[in-house]
Each structure stands twice: as structure tokens, then as C-alpha cells.
Amino acid sequence: MTTLNSVTVYKVNIFLQPSSNNMFQEDIYLQSYPFTTAAAIIGFVDRKVNAVLIGGRSIIGVLRTFDQFGNLVIHDGVERVYFPETKQYGESLKPQIYVIRGENLRMIGDLDIDIEDKSLIGWERIDFIDAYNRFKKDIRDEKNKKKEDAVKILEYGAFV
Amino acid sequence: MLFFSFFKTLVDQEITVELKNDIQIVGTLLSVDQYLNLKLDNIQVDTEKYPQFLALKSIFLRGTNIRYIHLNPSTVDTNLLQDASRREAMASAGEKIAGR
Amino acid sequence: MTVAEPLDLLKQNLDEKIFVKLSGYREMVGKLHGYDSHCNIVLGDAVETIYSLTEEEGKLTSEQKNHTLVFIRGDSVILVTDGENL
């Protein structure tokens, strides 16, 4: 019950305190463990987050739970891929539950829902299936180029 | 544990993190954990190139993706860091002998 | 002082100039301020050299960057050596 109380206390706090204030949920919730993975991520729970995976895909949804390895559970998540060169992006249509293995996580951040909609102005949304295939092809091409380059660089001198 | 403690002293300072995929992130260090995962606030990234960062406020970065962390020399006592490195090396050597 | 184990080399070179070779065709020369057993390294007044191939001809080029104080994560370190005689 004490845990429940501290969560309630926090929920009151977020409405009272501006986000620029240096008070975070972890300060109240995990005061005795200020430097753990759990303390760092707990502030994102029940918020809309963007989890960027290794490879560059983004999962956008509500973070429900996590553990010390950075494994995440995201509810109502959609997958998004960006093509900065052409200012296009693709987004999956059906929101799903995502369980993400921490190993594959590059970064997670909480979205400012006030700016979020405006942030994609100027970006063209394209069909997700096409976008996804193009994204995978880009990754494959880049990998192949890297392999070829590695051989060439090795020919220039002893570089691992 | 040396660099864990080291980064703890840099909390609230502005740092620049360069990731293994060449993204450069400038931000205020909020917290660090034993794996050197970082939490950054007020981040600045070239969002033209990396739109994933659009509308993000604070981020949790997994330590394994980090290549470099650029630090402000005025926030670091390099002599202290050198001494700490020596002491840590001695401590770990001691452990090995004790463990034999 | 002898080098009994690999990391002793780093200990000996504290406050000295070292050369670090990194993954991604990178090299760094700078003054060693700190290290740990994972080969995480802190260098001061470091010069980084990044090798790459030119877009058109595929020729090897290099680019240099200066860093006043930089922490290098140990998992990208390939080798470390004394940097005085470069």
C-alpha cells in the first residue's frame, strides 16, 4: 500500500510541477537507489515514448513496464521508419503491444505530446509496407558497402 | 566502477555524446548507472538528419551504443582522475592476489 | 616498473601521450588521464584521425578532429601504445 501511496503522491506532483523543475518521479520513487537503470527509466512509465532500436527503427507508444536489462513493454505501439534524405516516413497502421529485448535498444525518450504533432510537418507519410522494404534494402546495401569498403581500406594499409 | 563514480560527479553538467552510429547528442547529464547507461535532458540533435529525436525531451541512452563522450575540461579534475585510475588498478591487482 | 599484465602499460602511461586505435577506422592520440579494466579511456588534448574512402574514386582519405577532453568507451578500443615516438 505504501508503494501505491507514493505513486499517487507523484501523480499529484506532475501536474503541480513544471517539467523544467529538477524533480523527477525517480526522486520520490527510488530515492535510495538514485543511480540504477530502473531509476533512470521509471520516469518514462505510463508516458508516450519513442524507443529507437539498433538498426534505426522507432517504436512509439506507451511504456508500461521494463526491467534492469532495459527490456521494455510498450502498449499501443506503432513502428516508424524515417528517410531523412527524401523527408519521408512510414508508420505501421495497427497499434500493437511490443515486447522489446533490451539488447536491441539504442535509446528511449519521452515524447512531448504538445510538439509531437507539429514535429512531422513537412514530412511526407508513405505506405508502411513500401517504406519497410525500402528501409530493409537500405540497411542491406549499407552493410554490403561497408564490407566492400573494409576490403579496400585493408588494401591501403594494415587496418583492422 | 571508476567511471561510474566519475560520471556521477558530472551529473547536471552539459556533455556531448557521440554514438556508434555517428549521432552527436548534446545534453545535460541527469543520471548514470553501473553500465554507463546515460539519461540526458534538454537534448540537442541535428533532427534534419535524425528525425527520431523530434519532440523528445529527455532520453535514456544505452551505454553499449556510446563511442565517445566529450567533456568540458573545467568540470574534470584530471589529476584526481589519474590518481583514481592508479588506485583502481592497484585494488584490482590486490583482488587477484587475494583470489588465488 | 615492469609490465606484468597488459593493463600495466596503461598505468605506466598515465599523464603521458598515448596512441589508441579504435574500431571504425579511427585513431586517437592524446594524454592519458584515466582508464579502467574495460579499457574505457579518458584522453586530454586528443587528436582523432578518421580514415574513410572518397565517394567517387574510393581513395583513402583521412579527417582530423580535436577533442579537449574525451571519454572513449572500451569496447571500441583495438590497441593502445605509447604515443611519444609517432
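**Notebook: a predicted complex of chains A, B and C**

I began with B:Pro51, which I found in the loop that links strand E3 (38–44) to strand E4 (56–61) of chain B. Since the model is a predicted one, I kept the confidence values at hand and come back to them below.

*Confidence.* For the complex, I read from the predictor an ipTM of 0.89 and a pTM of 0.83. I looked at chain C in particular, where the pLDDT averages 91 and 99% of the residues score at least 70. Within chain C, the lowest confidence falls in helix H1 (residues 6–12), with a mean of 90, and the highest in strand E1 (residues 17–22), at 96.

*Chain B as a whole.* I counted 2 helices and 5 strands in chain B, and from the N terminus on I read their order as α-β-β-β-β-β-α. The radius of gyration of chain B is 16 Å, whereas a compact globule of 100 residues would have one near 13 Å. Taken along the principal axes, the box filled by the C-alpha atoms of chain B is roughly 55 × 30 × 20 Å. I also noted that 37% of the 100 residues of chain B count as buried. Of the contacts in chain B between residues at least 6 apart in sequence, 42% join residues at least 24 apart.

*Where chain A meets chain B.* This contact takes 25 residues from chain A and 21 residues from chain B. On the chain A side, at least two residues each come from helix H3 (37–42), strand E1 (48–53), strand E6 (105–111) and helix H4 (113–119), and E6(A) gives the largest share, with 7 residues. By class, I listed this side of chain A as 13 nonpolar, 8 polar and 4 charged residues. I then followed E6(A) across the boundary and found that E6(A) and E4(B) run antiparallel, joined by 4 bridges, with A:Ile108 standing opposite B:Phe60 in E4(B).

*Where chain A meets chain C.* Here 6 residues of chain A are in contact with 6 residues of chain C, and the chain A side divides into 4 nonpolar, no polar and 2 charged residues.

*From chain B into chain C.* I found strand E5 (residues 66–70) of chain B joined by 3 bridges to strand E4 (residues 60–72) of chain C, the two running antiparallel, and B:Ile69 opposite C:Phe71 in E4(C). Within chain C, E4(C) also pairs with strand E3 (residues 41–53) in the antiparallel sense over 12 bridges, and C:Ala46 stands opposite C:His67 in E4(C). The hairpin of E3(C) and E4(C) has 6 residues between the strands, and there C:Gly58 takes a positive phi near 70°.

*The nonpolar core.* Which residues have the most contacts inside the largest nonpolar core? That core has 57 residues, and I noted A:Ala51, A:Ile108, B:Leu61, C:Leu43, C:Val70 and C:Ile72 as those with the most contacts inside it.

Key. Residues are numbered from 1 along each chain as its sequence is written. Chains are lettered from A and ligands numbered from 1 in the order in which they are written. This is a predicted model: local features need pLDDT of at least 70, side-chain atom pairs count only at pLDDT 80 or more; totals for chains, interfaces and linings use all residues. Two residues are in contact if their C-beta atoms, placed from the backbone, lie within 7 Å. Ala, Val, Leu, Ile, Met, Phe, Trp, Tyr, Cys and Pro count as nonpolar, Asp, Glu, Lys and Arg as charged, and the others, Gly among them, as polar. A nonpolar core is a set of buried Ala, Val, Leu, Ile, Met, Phe, Trp, Tyr and Cys residues joined through C-beta atoms within 7 Å. A residue is buried if 20 or more other C-beta atoms lie within 10 Å of its own, exposed if 12 or fewer, and partly exposed in between; C-beta atoms are placed from the backbone. The radius of gyration is taken over C-alpha atoms; the globule rule is 2.2 Å times the number of residues to the power 0.38. pLDDT is the predictor's confidence in each residue, from 0 to 100. Two strands pair if DSSP finds at least two bridges between them.
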